[in-house]
Amino acid sequence: MTDETLVSEKTEEVTEAPPRQGRPNGLWAIFKKELGHYFTSPIAYFVAFATLLLTGLIFSNDLRSRVLYQAPPDGTVVLQTLVFLMIFLAPLLTMRLLAEETREGTLELLLTMPVRDGDIVLGKFLGAWAYFTIIMVVMLVYPFILASVSSPDQGVIITAYIGAWLFSGAALAIGLLFSAVTENQIVAGFLGVAAMVVLWLAEILAPMAPPELRPFLREISIEGHFSSSFARGVIDLTDVAYYVFMMAGALFITTRIVESRRWR
Amino acid sequence: MIEVQDLTKYYGNFAALKGISFTVEKGEVVGFLGPNGAGKTTTMRILTAYMPPSAGKVTVAGYDVVDGSMEVRRVIGYMPETVPLYPDMSVFGYLDFVAELRGVPDRWDRIEDVLDRVGMLERADSLIRNLSKGMRQRVGLAQAIIHDPEVLILDEPTIGLDPRQVLEVRQLVRELGRDHTIIFSTHILSEAEQVCDRVLIIDHGQIVAEGTPQNLRDRLQKGGRLFVRVGRADGDVEALLRKVPTVREVTSAETGFIISADDNVGVRPAIARAVVEAGWDLLELRPLAMTLEDIFLELTASDEDTAEPEPEEE
C-alpha cells in the first residue's frame, strides 16, 4: 500500500519535472498581470495616495484632539475612515478590470485560452485585493505610531484590520461585478459607487422601510457588519460569513456575466 | 484535423450560419473567402471555442468544441480580427503573459524564437502602444504561434495594412503553412489565391463554392470568354464573329471584341479562320482569365443588398 503510493508519487514527480510542461496556470498569470498593472497605472497610484493622505490626516487630527482632551487612544479611527473611502476606492480600482478587456477585444483572447472563466475573474479579483492589501500594510504604520506614544488596545486594532481587510475584499468584488456589466469603465465605476452607497445606507434606510424589510436591510448593510463588530474588537462568524458570502456571490455572478458573453 | 458538420449559429433570430459543413486536413492552408457579414468570423469563433454553435458538430484535432473546449483551445492558436493587445505592456511582457496562460515550457527561449520568426526581436522591449499597425499584427501572430499550435486560425490578418506589410504578413502565413494547419479569412481574393491550398467561399452563412483557387477558376470558366482584336477591317466584324458556330454573344470592347462561346477552346480556330478568310488581320486572340474576383461576384452578386452586417467586435 505504502509502496504503491510512493511509486505513484514518484511517477507524478517525473511527469511534472519539466518546468510548467503543459500546465497552463491562467489564474496565476492573470493575477500577476493585474497586480503588476496597478504599479504602472496612474489611477492606482492616485488611490494609494488619496488613501494614505486622507487616513494620515484623520489619524493625526484624531491623535491631536485625543491628546488635548486626554481621551484614550483609538486605533480604529483610520479604519473607519478607510471602509468609508472604499465606497469610491473599490470601484476606482476595479472598474477597468473587465470593462477594458471587453472594449479592447482582449477578452476574446482570454476566452480562447485554456483557462476557466472563473479563473479569469478570480485572478483579477485577487490581483486587486492584493494591491489593496499592500496599501493596508503601509497603513500599519498608524498602530505603530500609536503604540509608540501610548498603549492602545491592540486586540481591537487587530480585529479592525481583519474586518477592514474583509470589507475591502467584498467591496472590490462588487466593483469587479460592475466592471463585467458594461464595457464603459466610467459607467462601471458609477454603478459600483451606487451599489456601494446603497449597501452602505441600507442600515440607515432600514427604519424608513416597511417593517418586514427592516431585518433584511440591516443584514445586507455592508457597513453594519464592520462598525458594530470588528471595529469593537469582536470577531463574529456571521460577519466573517457576510463578507465571504459577498465576495463569493459577486465573483460567481461576475463569472456568469463573463460566460454570457460567449452566448451573444 | 478540423471537421465541421451542419454548423448553424443564430444571433437571436438571425441565422449567421445556415448549416455549413467542411473538413480541413492536417497541414492544409484553407482560406475563408466572403464579404463582410458572410459568417467567417462567426465560424472562426466557434472553431476556437469562443462561443458554442447553435446546432451542428465541430471537432478540432478530435476534440469537440463544446465538450472538449479546453483541449480545443490548447491545440489552436487564434488571432482575432481586432488583434487583442494590451497597449500598456511591452511586446515581451505581453508574450510572456500569453505564454504563461498557455503553460508554454521554457517561456523566455520560446518568446525569443517566435519574435525572431515574425521579425520583431529588436522591438521586444517596446511598448505595444508605440508600435505601428503592421508590427501589432506581427505581435498578434507571435501570440498565436507561441505554443506551436497544430491549428492556426487567423481572422483577416492583412486587414488595414499597407501593401508592403500585407506582403510580409502573407509571406509569414505561407511560411507558417509549411508546418501548421491554417484557416485564414479574407475578403481579398488575390490573397486567397496566393496563400491558400484551398478556398471556401462563404456567403450569407453558407458555403457557395469550394476548391483550389485553380479549380474554382476552371470550373466557372467553362464556356469562358475570348478577346479578339482585328486590324484593318473593312466590314462588320461583329456580325462576322456572330456567325461563327457556338459563339453565344459578342460585345465590342475598347480595342476589340469580347466573345462568349460554349467551348472557348474549340471555337478559337474557327474564329481565326473566319477573320483571315475575310481578308483581315487577326492581331489578338486570347482567353480572358477569370479572376477570383469575377467568380466571387458571380457567386455572391445575387442579393447584395440584403447582406446583414457582421456582428461588431465587442
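Two strands are taken to pair if DSSP finds at least two bridges between them. Helices (H or I, at least four residues) and strands (E, at least two) are DSSP runs, numbered from the N terminus. The structure is a predicted model, in which local features need pLDDT of at least 70, side-chain atom pairs count only at pLDDT 80 or more, and totals for chains, interfaces and linings use all residues. Residues are numbered from 1 along each chain as its sequence is written, chains are lettered from A and ligands numbered from 1 in the order in which they are written, and side-chain values use heavy atoms, with hydrogens and water left out.

Chain B contains eleven helices and 14 strands. Of its 314 residues, 52% are buried (under 20% relative accessible area, 1.4 Å probe, protein chains only).

An open sheet of chain B consists of four strands in the order E2-E1-E4-E5, with antiparallel pairing. Its edge strands, E2 (14-24) and E5 (63-64) of chain B, each pair on one side only. Strand E4 (residues 55-60) of chain B is joined to E5(B) by two bridges in the antiparallel sense, and B:Val60 stands opposite B:Tyr63 in E5(B).

In chain A, A:Thr55 belongs to helix H3 (residues 42-68). A:Thr55 is buried, with a relative accessible area of 0%. A polar atom of the A:Thr55 side chain lies 2.6 Å from the backbone oxygen of A:Thr51. Leaving aside residues up to four places away in sequence, A:Thr55 touches A:Val78, A:Met139 and A:Tyr142 (contact means heavy atoms within 4.5 Å).

How values were computed. Buried < 20%, exposed > 50% of the residue type's maximum accessible area, 1.4 Å probe, protein only. Polar contact = N/O pair within 3.5 Å; in protein donor to acceptor, adjacent residues only side chain to side chain.
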